Amino acid sequence: PMFTGGLVTDDRAAVLESQAKTAELLRAVMGANKAAGEIEARIKHLLKALEDTPAATEQQALAVRALNTRMQDLQIQLRGDRTVSGRAERVPLSLTARISIVAGGSWESQSAVTGNFRDSYEIAAAQFPQALTELKAIATDLTALEAELEALGAPWTPARLPDWSK
């Protein structure tokens, strides 16, 4: 600690515990954001590969488009609704914004964690498991669709290893 007195808390262990919990949730949310971006790119490539696969069915196209819709909905939870916020309209805080605000506002402080930051952490911690479960489900469904299209001879797409035998 740089100094004592003023706004410096006497319960430094509680501050450190809160900062550690926030860091772990931020790590997970940022990792989910990165994974979501990679999955989103895979879906976009798969949509294009569908167009170039004559044997692909309309059912497969519908499945990939439905997966894309699920991904867009998840991105709103994780990153916020950029379409609405880009028009200067109010939107709920995204998971990323919420936990980033807590981290940015409390990590460089020696004060006790405020009630607002504790509440924001609890909200993010309650919302994230559902978002993470959906992200994992989307990834699983995407892998299955990629395998189906690979079997049909679809063009290569990122994160998909081609099958080939002589």
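Predicted model: local features only at pLDDT ≥ 70, side-chain atom pairs only at ≥ 80, totals over all residues.
A residue is taken as exposed when its relative accessible area is over 50%, and as buried when that value is under 20%. Ala 159 has a relative accessibility of 60%, so this residue counts as exposed.

The chain contains five helices and zero strands. Read from the N terminus, the order of elements is simply α-α-α-α-α. The radius of gyration is 21 Å, well over the 15 Å that the globule rule gives for 166 residues, so the chain is more spread out than a compact globule. Along the principal axes, the C-alpha atoms fill a box of roughly 75 × 40 × 20 Å. Of the 166 residues, 34% are buried. The accessible surface of the chain amounts to about 10,400 Å², and carbon and sulfur atoms account for 58% of that area. Contacts across the sequence also deserve a look: among those between residues at least 6 apart, 73% join residues at least 24 apart.

Two helix pairs, both involving helix 4, can be described in some detail. Helix 1 and helix 4 have axes 10 Å apart and pack at an angle of about 145°. Their crossing is left-handed. From helix 1, the contact draws on Gln 19, Thr 22, Leu 25, Leu 26, Val 29, Met 30 and Asn 33, and these meet Leu 95, Thr 96, Ile 99, Ser 100, Val 102, Ala 103 and Ser 106 of helix 4. By residue type, the contact of helix 1 with helix 4 comprises eight nonpolar, six polar and no charged residues.

The second pair joins helix 4 (residues 95-106) to helix 5 (residues 115-151), with axes that come within 9 Å and cross at roughly 145°. This crossing, too, is left-handed. Helix 4 contributes Leu 95, Arg 98, Ile 99, Ile 101, Val 102, Gly 105 and Ser 106, while helix 5 contributes Phe 117, Ser 120, Tyr 121, Ile 123, Ala 124, Gln 127, Phe 128 and Ala 131. The residues in the contact of helix 4 with helix 5 divide into ten nonpolar, four polar and one charged.

Within helix 1, which spans residues 12-51, lies Arg 42. Arg 42 has a relative accessible area of 16%, and it is therefore buried. Leaving out residues up to four places away in sequence, Arg 42 touches Leu 142, Thr 143, Glu 146, Pro 158 and Ala 159. Thr 143 and Leu 7 are 136 residues apart along the chain, and their C-alpha atoms are separated by 52 Å.

Glu 150 belongs to helix 5. With a relative accessibility of 14%, Glu 150 counts as buried. Beyond its neighbours up to four places away in sequence, Glu 150 touches Arg 160, Leu 161, Pro 162 and Asp 163.

Helix 2 covers residues 58-79 and includes Arg 79. The relative accessible area of Arg 79 is 27%, which makes this residue partly exposed. Neighbours within four places in sequence aside, Arg 79 is in contact with Asn 33, Gly 37, Glu 40 and Ser 94. For Arg 79 and Asn 33, a sequence separation of 46 residues goes with a C-alpha to C-alpha distance of 7.7 Å. Asn 33 also takes part in the contact between helix 1 and helix 4 described above.

Finally, helix 1 also holds Ala 23, which counts as partly exposed at 32% relative accessibility. Ala 23 and Leu 93 are 70 residues apart along the chain, with 18 Å between their C-alpha atoms.

Note on methods. Residues numbered from 1 in each chain as written. Heavy atoms only, no water. Helix = DSSP H or I, 4+ residues; strand = E, 2+ residues; numbered from the N terminus. Buried < 20%, exposed > 50% of the residue type's maximum accessible area, 1.4 Å probe, protein only. Contact = heavy atoms within 4.5 Å. Axes fitted to C-alpha atoms, helices over the stretch in contact; angles between N-to-C directions. Left-handed = near helix turned anticlockwise from the far one by under 90°. Nonpolar A, V, L, I, M, F, W, Y, C, P; charged D, E, K, R; others polar. Rg over C-alpha atoms; globule rule 2.2 N^0.38 Å. Areas by Shrake-Rupley, 256 points an atom, 1.4 Å probe, with all protein chains shown as cover.
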